[in-house]
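Thank you for asking me to look over this model.

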Amino acid sequence: MAPWSVRFVAMVLLAVPAKLCSAEGNCATGGKPARPDCARAIAFFSEFQTAFRDNDRKKVASLVEYPMLTSLRGKRVNIRGAAELLSHYDEIFDGGVRCAILGASAKSVWGNWQGFMIGNGEIWFDGIIPQREKPDSNSPDFWTKYPFKVKTVNNGSATGPCDGK
């Protein structure tokens with residue numbers, strides 16, 4: 001590889017992660033929010049975080065869209081319902097995910113066309129559009145009518161318990 005291409009690759013590798021993994025999300029930066037539903041996403045995350053912090057497992061399960069993508073024993077799986085989520089709760093919400101959820105704030109919510117996340121993508125959530133509905137993004141209620149739900153939990157990080165939580 002030519003020396004200039006090595007420098008270019010190094011610059012990209014150093015610059016991109018700093019932007020993508022910043023501690024502050026793009027919904028609470030004070031400028032124009034990344035999406036019109038950022039305020040709703042922050043409110044949903046607060047509700048989810050409170051249920052999680054209170055160990056209200058049934059409430060947490062009610063805030064999930066099924067099937068939900070996650071990993072069990074190192075394999076990607078779809079959790080098909082609340083009963084399955086509750087039976088694998090501690091494995092799904094492992095130490096790394098717990099740290100991300102409990103350590104996040106409104107400023108941690110980050111959104112794009114794929115949805116919203118906190119941390120390094122430990123959880124992803126979004127407004128859930130019913131399967132048979134044909135949404136119209138120009139409709140006045142498009143950004144307010146669909147309920148938010150967690151759709152993916154990315155567990156399996158090496159992070160353990162944080163701050164005794």
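1. A contact here means heavy atoms within 4.5 Å. The model is a predicted one, and its chain has 165 residues, of which 38% are buried.

2. On confidence, the average pLDDT of the chain is 83, and 79% of the residues reach at least 70. The stretch to read with care is residues 4-22, where the pLDDT is below 50 and where the model shows four contacts beyond near neighbours in sequence.

3. As to the overall layout, the chain contains six helices and six strands. Read from the N terminus, these elements follow the order α-α-α-β-β-α-α-α-β-β-β-β.

4. The largest nonpolar core comprises 33 residues, and those with the most contacts inside it are Phe48, Leu85, Phe93, Val109, Ile118, Ile123 and Phe125. At least two residues of this core come from each of α2 (38-53), α3 (57-62), β1 (64-72), α5 (89-92), α6 (95-103), β4 (115-118), β5 (123-127) and β6 (148-153). Of these contributions, that of α2 is the largest share, at eight residues. As general background, nonpolar side chains in soluble globular proteins tend to be buried together.

5. Which residues of α6 are buried? They are Gly95, Gly96, Val97, Cys99, Ala100, Ile101 and Leu102. Because these make up seven of the nine residues of α6, the helix is largely enclosed by the rest of the structure. The elements against which the buried residues of α6 pack are α2, α5, β4, β5 and β6.

6. The aromatic residues deserve a separate comment, since a pair of rings is described by the distance of the centres and the angle of the planes. The structure holds 14 aromatic pairs. One of them joins Phe52 and Tyr89, which are stacked with 6.2 Å from centre to centre and 25 degrees between the planes. This pair links distant parts of the chain, given that Phe52 sits in helix α2 and Tyr89 in helix α5, 37 residues apart. Both partners count as buried because the cut-off is under 20% relative accessible area: the value is 7% for Phe52 and 3% for Tyr89. A further stacked pair is formed by Phe116 and Phe125, with 5.9 Å between the centres and 20 degrees between the planes. Phe116 is buried at 0% relative accessible area, and Phe125 is likewise buried at 0%.

7. Within it, Phe125 can be examined in more detail: leaving aside neighbours within four places in sequence, Phe125 is in contact with Ala41, Phe44, Phe45, Val109, Gly115, Phe116, Met117, Ile118, Phe148, Lys149, Val150 and Lys151.

8. How many disulfides does a search of the whole structure find? The search finds one, formed by Cys27 and Cys38, whose sulfur atoms are 2.1 Å apart. The torsion about the S-S bond is about -60 degrees, so this disulfide is left-handed. Cys27 lies in the loop between α1 (3-20) and α2, while Cys38 is in helix α2, and the pair therefore ties together parts that are eleven residues apart in sequence. Both cysteines, Cys27 and Cys38, are buried.

9. Is Arg35 buried or exposed? Arg35, which lies in the loop between α1 and α2, is buried, with a relative accessible area of 10%. A polar atom of the Arg35 side chain lies 2.9 Å from the backbone oxygen of Asn112. Not counting residues up to four places away in sequence, Arg35 touches Gly111, Asn112, Trp113, Gly115, Phe116, Asp126 and Trp143.

10. My last point concerns Pro67, which lies in strand β1 and is partly exposed, with a relative accessible area of 45%. Not counting residues up to four places away in sequence, Pro67 touches Asn78, Ile79 and Arg80. Pro67 and Ala82, 15 residues apart in sequence, are separated by 9.5 Å in space, C-alpha to C-alpha.

Definitions and conventions: Residues numbered from 1 in each chain as written. Predicted model: local features only at pLDDT ≥ 70, side-chain atom pairs only at ≥ 80, totals over all residues. Heavy atoms only, no water. Core = buried A, V, L, I, M, F, W, Y, C linked by side-chain atoms within 4.5 Å. Buried < 20%, exposed > 50% of the residue type's maximum accessible area, 1.4 Å probe, protein only. Helix = DSSP H or I, 4+ residues; strand = E, 2+ residues; numbered from the N terminus. Phe/Tyr/Trp six-rings, centres within 6.5 Å; stacked < 30°, edge-to-face > 60°. Disulfide = S-S within 2.5 Å. pLDDT = per-residue confidence, 0-100. Polar contact = N/O pair within 3.5 Å; in protein donor to acceptor, adjacent residues only side chain to side chain.
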